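Subject: Handover of a structure for your review

Dear colleague,

Please find below the structure that I am handing over to you.

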Amino acid sequence: MASPTDLEHVRPWRHIERRNSRQIMVGSVPVGGGAPISVQSMTNTPTADAAATIDQIRQLEEAGADIVRVSCPDEPSTAAFKTIARESNVPLVADIHFHYRRGIEAAEAGAACLRINPGNIGSMDRVKEVVQAARDHGCSMRIGVNAGSLEKHLLEKYGEPCPEAMVESALDHARILQDLDFHEFKISVKASDPFLTVAAYQQLAVAIDCPLHIGVTEAGPLRTGTIKSAIGLGNLLWSGIGDTIRVSLAADPVEEIHVGFDILKSLGLRHRGVNIIACPSCARQGFNVIETVAELEKRLAHISTPMSLSIIGCVVNGPGEALFTDVGFTGGGKGAGMVYMAGKPNHKQDNAGMVDHIVELVERRAAQLDAEREAAKAAAE
């Protein structure tokens, strides 16, 4: 099946013009400069407990995380960070607040990036030490501005957190690094209010050319936080703003990765795993759509190959949706439905064994797509 990007010439309304930015590296992951939008999350285990933190990083890796952030609030945390970084298969960002020594220790311990605001760690001599440690150990940096922790002088100047205050804070921190000829940084300007978040990023996007880490911070629990993040991040990504994303949920960090990929998948910006297209079901359904989709979602979670699957309860929209999916099933009544492969009717299948059969077809199709991709890659080399 053709991907959305392959069809931009006939579907120009799907095209997203991404903002031009310079590129930095977070370990092996390029951020900005047209690189794929990376998805990240943050551990919530005590960092000093290296085993628990490594276990959570493994779960995030399996979910597809490109980058993982780890908080380093004290010396025991940075001491454990060396072991954690050695065991991680993805680049780690060390989250540093206020204490410059933690930044130096994290860089020495193997951090790929330091999340640190240079204006908040003391004298210029201390900033220089952190920047030198970043240079020596190949670390990039993230300047992270939050509406909830703006500098006192900016709150007095503007009266409240607002886009102008957040952007001014970000540019002030950036200027410190630029004056030290350090340009390997990205910036975030997050708020729990999606309106404020979007407005701040829109202003920042035209004020500086560095990559932007986007997110709606403290978005809330799984359902409402997902909705709030989809609204904020969706607006930004649709307008081409954003080079790496973090969905901030009061939930299992693995869910942040799932939601992040689902947002990117919905916009055609990144594809991972099976995109299930399903009807909400009604009295016309030829099988229990909701139960079937829930079961398929669970049993196909292990597939990372980008592909599409349509599960439609009846023939009103089923054949039309199946035209654009790798595998499709449309309920037709009398205890059976039609299976579509690559958009074409292929064979009938009884409802009783449909889940097992669809899982088998999707796994087979995924293996085929993987083989075709590897063959094309080998031919190109």
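A charge is taken to sit over a ring if NZ of Lys or CZ of Arg is within 6 Å of the ring centre and within 35 degrees of the ring normal. Please note that this is a predicted model.

Aromatic rings

Arg 22 lies over the face of Phe 185, at 4.8 Å from the ring centre.

A pair of aromatic rings is described by the distance of the centres and the angle of the planes. Rings count as a pair if their centres lie within 6.5 Å, and planes over 60 degrees apart make the pair edge-to-face. The count by this rule is 1 aromatic pair. Its members are Phe 287 and Phe 329; the ring centres are 5.4 Å apart and the planes stand at 70°, so the pair is edge-to-face. This pair links distant parts of the chain, since the two residues are 42 residues apart. Phe 287 belongs to the loop between strand S11 (274–278) and helix H10 (289–299), whereas Phe 329 is in strand S13 (residues 327–331). Both Phe 287 and Phe 329 are buried.

Cysteines

The structure holds 0 disulfides. For Cys 72, which is in no disulfide, the nearest cysteine sulfur is that of Cys 139, 11 Å away. Cys 139 is likewise in no disulfide, and the nearest cysteine sulfur to it, that of Cys 113, is 7.4 Å away. A disulfide would require two cysteine sulfur atoms within 2.5 Å. Cys 72 is buried, with a relative accessible area of 2%, and Cys 139 also counts as buried, at 4% relative accessibility.

Helix H4

Helix H4 covers residues 124–137, which is 14 residues. At 1.5 Å a residue, H4 should span 20 Å, and its end C-alpha atoms are 20 Å apart, which agrees. The expected span is 1.5 Å times one less than the number of residues.

Which residues of H4 are buried? They are Val 127, Val 130, Val 131, Ala 133 and Ala 134. Seen down the axis of H4, the buried residues fall within an arc of 155°, so they line one face of the helix. Asp 125 and Asp 136, on the other side of H4, are exposed. The buried residues of H4 are covered by elements including helix H3 (100–109), strand S6 (113–115), strand S7 (140–146) and helix H6 (163–179). After H4 comes Gly 138, whose phi is positive, near 70°.

Lys 265 is found in helix H9 (residues 253–266). At 12% relative accessibility, Lys 265 counts as buried, because the limit for that term is under 20% relative accessible area. Not counting residues up to four places away in sequence, Lys 265 touches Arg 270, His 271, Arg 272, Gly 273, Val 274 and Asn 275.

Ser 308 lies in strand S12 (residues 307–312) and is buried, with a relative accessible area of 11%. Leaving aside neighbours within four places in sequence, Ser 308 is in contact with Asn 275, Phe 324, Thr 325, Asp 326 and Val 327.

Yours sincerely

Note on methods
Residues numbered from 1 in each chain as written. Predicted model: local features only at pLDDT ≥ 70, side-chain atom pairs only at ≥ 80, totals over all residues. Heavy atoms only, no water. Phe/Tyr/Trp six-rings, centres within 6.5 Å; stacked < 30°, edge-to-face > 60°. Helix = DSSP H or I, 4+ residues; strand = E, 2+ residues; numbered from the N terminus. Buried < 20%, exposed > 50% of the residue type's maximum accessible area, 1.4 Å probe, protein only. Arc of directions from axis to C-beta. Contact = heavy atoms within 4.5 Å.
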